[in-house]
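Thanks for coming. I will go through one structure this morning, starting with the backbone and then turning to the spaces in the fold.

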Amino acid sequence: MLQGKTIVLGVSGGIAVYKAVELLRLLTKAGADVHVVMTKNAQEFVTPLTFQTLSGKPVHTDLFNLYQEQEIGHISLADRADLFILAPATANLIGKIAQGLADDLLTTSVMATTAPVLIAPAMNTNMYENPIYQRNEKYLAELGYHIMTPASGALACGWEGKGKLPAPEAILTEAQAVLSPKDLTGRSILVTAGPTREEIDPVRYVSNYSSGKMGFAIAEVARQRGAEVTLVAGPTNLEAPAGVCCVRVGSAAQMREAVLAGYEDTDVVIKAAAVADYRLAERADQKIKKSAETMILELEKNPDILAELGRLKEGQLLVGFAAETENLLAHAQDKLQRKNLDMIVANDVTRPGAGFDVDTNIVRFLYPDGRIEELAEMSKHQVARHLLDRVAGLLVDRT
Ligand code: C5P
């Protein structure tokens, strides 16, 4: 998403400047070409040398020096940028932009750009809550500036409350969202993720190794592309992506209930969850005591949620996942037909770089007409982007 994009990272003077160093690292790692502009006050906290070393480019600090260069610095930066990120953005910087002031290189460049501007504010809680600041923020949001909500917590000034710079990872995600095509706007997408947990007694359960990473990535990217996303998640440690409605469930029965509740009003269902096929025939009310040398647990079949959705389908687009350890294509093809799906994502979970609890996946997309697309090993976020490209295409074909 950020590969090859030109990003101007504008850094203004707050204690959170050091976090912008981490943001620069993340942006560079994601393949962006990052040009850093620092205000005079920002340089009081961290020297330009730190940013220069990490970005591999000179840091821009001075309006008039750059005027004397061959190209006019602020205009060149403003023109070349695909995105401006202001992090940390102080109350002063935001106030100046809102008033149309352009008295240094950063404010001049922001004024001169037509690229989207993402603002990550950081300031004292009282400054944040000051009606003057709030008015400026609201005004800029109305003009189309993308403004993040600061995080809450203990601030460097000793106060507790809202005003901390959002985490660099959150700013990176928001930057991807700003630059994403909005081709899923107006679509409602339901994604399931993670394992389910089938209880044996109050302290034990049967489950699987699914981490939920694939489904969470799909939910995040779908939201970035403008969809209204509901994520039904089995037990995982993952945090719900911003802007996604996340319903946490435990067992397959609970997942079924949550999925069916929203099905009628949903355009697309993507079932990335690894639903347990069996549950305990009888869950013990009390902790089972250790006595017999061997023990047999009787299991009974869980409902197949996806097959049920396939039977109830009324125009929804249904995407399933097939995680297999053998005969990948044959099993995937069988599920595609049997569950009445529009597409299935097949992955051989025994291959290194694919499957449960890793950050990458190696998948194939299968369609009802027999077409098979093979993708190289890539991050789960990249798989999510490819998958949603196909989903967006299928939705367009239908209209
Ligand atoms: O049949 P199998 O479990 O391999 O099919 C996998 C696909 O079906 C996945 O998309 C999974 O989320 C879904 N599934 C389901 N309910 C089940 C079992 C699987 O929705 N009980």
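**Backbone, ligand site and pockets**

Asparagine 327 lies in the loop between β16 and α13 (328–338). Helices here are DSSP runs of H or I with at least four residues, strands are runs of E with at least two, and both are numbered from the N terminus.

Before going on, a word on the source: this is a predicted model, in which local features need pLDDT of at least 70 and side-chain atom pairs count only at pLDDT 80 or more, while totals for chains, interfaces and linings use all residues. Residues are numbered from 1 along each chain as its sequence is written, and side-chain values use heavy atoms, with hydrogens and water left out.

Back to asparagine 327: its phi is near 40 degrees, a positive value in a residue other than glycine. The other backbone point is the peptide bond from alanine 87 to proline 88, which is cis, with omega near -10 degrees. Proline 88 belongs to strand β3 (residues 83–89). For context, most residues other than glycine have a negative phi, and most peptide bonds are trans.

Now the ligand. Which residues surround the ligand? They are Lys271, Ala273, Val275, Asp277, Pro303, Asp304, Ile305, Leu306, Gly320, Phe321, Lys335 and Lys339, where near means a heavy atom within 4 Å. By class, that shell has six nonpolar residues, one polar and five charged. The nonpolar class is Ala, Val, Leu, Ile, Met, Phe, Trp, Tyr, Cys and Pro, the charged class is Asp, Glu, Lys and Arg, and the others, Gly among them, are polar.

A backbone N or O atom of lysine 271 is 2.6 Å from a ligand oxygen. For alanine 273, a polar backbone atom is at 2.7 Å from a ligand oxygen. With phenylalanine 321, the distance from a backbone N or O atom to a ligand oxygen is 2.9 Å. On its own the ligand exposes 450 Å², and the protein buries 88% of that, with areas from the Shrake-Rupley method and a 1.4 Å probe.

The ligand sits in the second largest pocket, which requires more than half of its atoms to lie within 2 Å of the pocket's grid points. A pocket is an open set of points on a 1 Å grid over the protein atoms alone, with protein on both sides within 12 Å along at least five of seven lines; a cavity is a set where a 1.4 Å probe fits but cannot get out, and lining residues have an atom within 4 Å of a point.

The largest pocket has a volume of about 1200 Å³, taken as the space filled by probe spheres set on points joined across faces, edges and corners. Of its 31 lining residues, the closest to the centre are Glu169, Leu172, Thr173, Glu220 and His381.

Definitions and conventions: A polar contact is a pair of N or O atoms within 3.5 Å; within protein, one must be able to donate a hydrogen and the other to accept it, and residues adjacent in sequence count only if both atoms are side-chain atoms.
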